[in-house]
Amino acid sequence: MYPFAGSASETPLERGTYLVRAIVACGNCHTPQGPDGPVAGQELAGQLVIDFPEFTAYAPNITSDPVSGIGNWTDEQIIAAIREGIRPDGTIIGPPMPIDLYRGMSDEDVRAIVAYLRTVAPVRNEVPKSVYRIPLPPSWGPPVGTVATPSREDKVAYGAYLAGPLGHCVECHSTFVNGVPDTKGHLGAGGNRFEGPWGISVSANITPHADGIGHYSDADLRTIFKTGARPDGTPIMPPMGTAYYRNMTDADIDALIAYLRSLPPLPSPAGD
């Protein structure tokens with residue numbers, strides 16, 4: 001836990017440290033994973049993330065290494081990559097990087113994340129380029145203007161910010177259609193299959209439906225976030241970033257739960 005998280009005196013680096021090591025969980029994709037979790041000494045050095053029919057995606061090295069990482073990128077170039085999906089050479093970043101969601105990340109929080117990335121030790125690790133068998137858009141939208149940090153006073157609205165622009169929970173947990181999450185028709189319904197060193201896992205339904213979290217109490221959900229296990233003791237499988245989410249503050253967990261309770265209840269996809 002980070003005692004400074006959410007405090008009035010929190011510095012940008014402290015905020016960035018909390019975000020990256022908790023709800024944003026950049027390392028869940030960008031840090032090489034072994035059967036027992038993140039590989040030591042390889043924080044944010046990049047790895048194969050997803051091999052779908054639509055694309056084979058590699059999370060790039062985002063350490064400060066100047067050759068294989070982002071050591072030569074400016075702060076503004078890093079921010080453009082995160083919120084606009086544009087690399088310094090002008091090429092478009094594709095899924096599963098959730099650019100549509102990251103466009104809503106606040107100016108304050110994206111700069112805090114950059115402050116943290118600047119502190120990550122450089123690791124020389126050349127990662128292959130992702131291969132897309134679907135067309136990528138020419139852009140993810142018009143340039144992002146000023147984005148304010150939502151108030152924590154509205155618990156549901158702040159929970160939506162945590163689950164969307166920050167934690168992109170709705171990316172993995174909204175049923176994929178043609179390789180991308182359908183956040184309009186299947187928001188939170190889950191059913192997506194992920195293969196990795198852990199085997200094969202399926203994203204859960206996180207709507208209040210009986211197929212989803214409807215049978216869990218708030219205390220049960222807090223247990224899941226804090227321990228990485230269901231109330232019956234069965235572990236939550238990767239790619240759920242349990243090693244990161246357990247670092248969330250109680251207030252952030254409560255806001256996230258309040259948002260999940262507000263979602264329209266949807267049944268899980270047939271067969272899951």
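**Close-up 1. Lining of the second largest pocket in a predicted model.** By class, 14 nonpolar, one polar and two charged residues make up the lining of the second largest pocket, where Ala, Val, Leu, Ile, Met, Phe, Trp, Tyr, Cys and Pro count as nonpolar, Asp, Glu, Lys and Arg as charged, and the others, Gly among them, as polar. The space in this pocket comes to about 310 Å³, and of the 17 residues that line it, P98, D100, W140, V180 and P181 are the closest to its centre. A pocket is here an open set of points on a 1 Å grid over the protein atoms alone, where a 1.4 Å probe fits, with protein on both sides within 12 Å along at least five of seven lines, and lining residues have an atom within 4 Å of a point; grid points are joined across faces, edges and corners, and the volume is the space filled by probe spheres set on the points. Helix 4 (99-102), helix 7 (169-172) and strand 7 (180-181) each contribute at least two residues to the lining, and helix 4 gives the most, with three. Helices (H or I, at least four residues) and strands (E, at least two) are DSSP runs numbered from the N terminus. The model is predicted, so that local features need pLDDT of at least 70 and side-chain atom pairs count only at pLDDT 80 or more, while totals for chains, interfaces and linings use all residues. Residues are numbered from 1 along each chain as its sequence is written, and side-chain values use heavy atoms, with hydrogens and water left out.

Close-up 2. The structure holds six aromatic pairs, defined for rings of Phe, Tyr and Trp (its six-membered ring) whose centres lie within 6.5 Å, with planes under 30 degrees apart counted as stacked, over 60 as edge-to-face and the rest as tilted. One of them, F52 with F176, is edge-to-face, at 5.7 Å centre to centre and 75° between the planes. Because F52 lies in the loop between strand 3 (47-51) and strand 4 (55-59) and F176 in strand 6 (residues 176-177), the pair ties together parts that are 124 residues apart in sequence. The pair of F55 and Y132 is tilted, at 5.5 Å and 45°, and links strand 4 to strand 5 (residues 131-132) across 77 residues. F55 is buried at 1% relative accessible area, whereas Y132 is partly exposed at 23% (buried is under 20%, exposed over 50%, partly exposed in between, with a 1.4 Å probe and protein chains only). Ring pairs link F52, F55, Y132, F176 and F194 into a cluster.

Close-up 3. Strand 3 and strand 4 pair over four bridges, and the bridge partner of L48 in strand 4 is Y58. Strand 8 (residues 193-196) and strand 9 (residues 199-202) also pair in the antiparallel sense over four bridges; a hairpin joins these two strands through two residues, and E195 stands opposite I200 in strand 9.

**Close-up 4. Cysteines without disulfides.** With a disulfide taken as a pair of cysteine sulfur atoms within 2.5 Å, the count comes to zero. The sulfur of C26 is 9.1 Å from the closest cysteine sulfur, in C29, too far for a bond. For C169 the closest cysteine sulfur, in C172, is 8.7 Å away, again too far for a bond.

How values were computed: Pairing = 2+ DSSP bridges.
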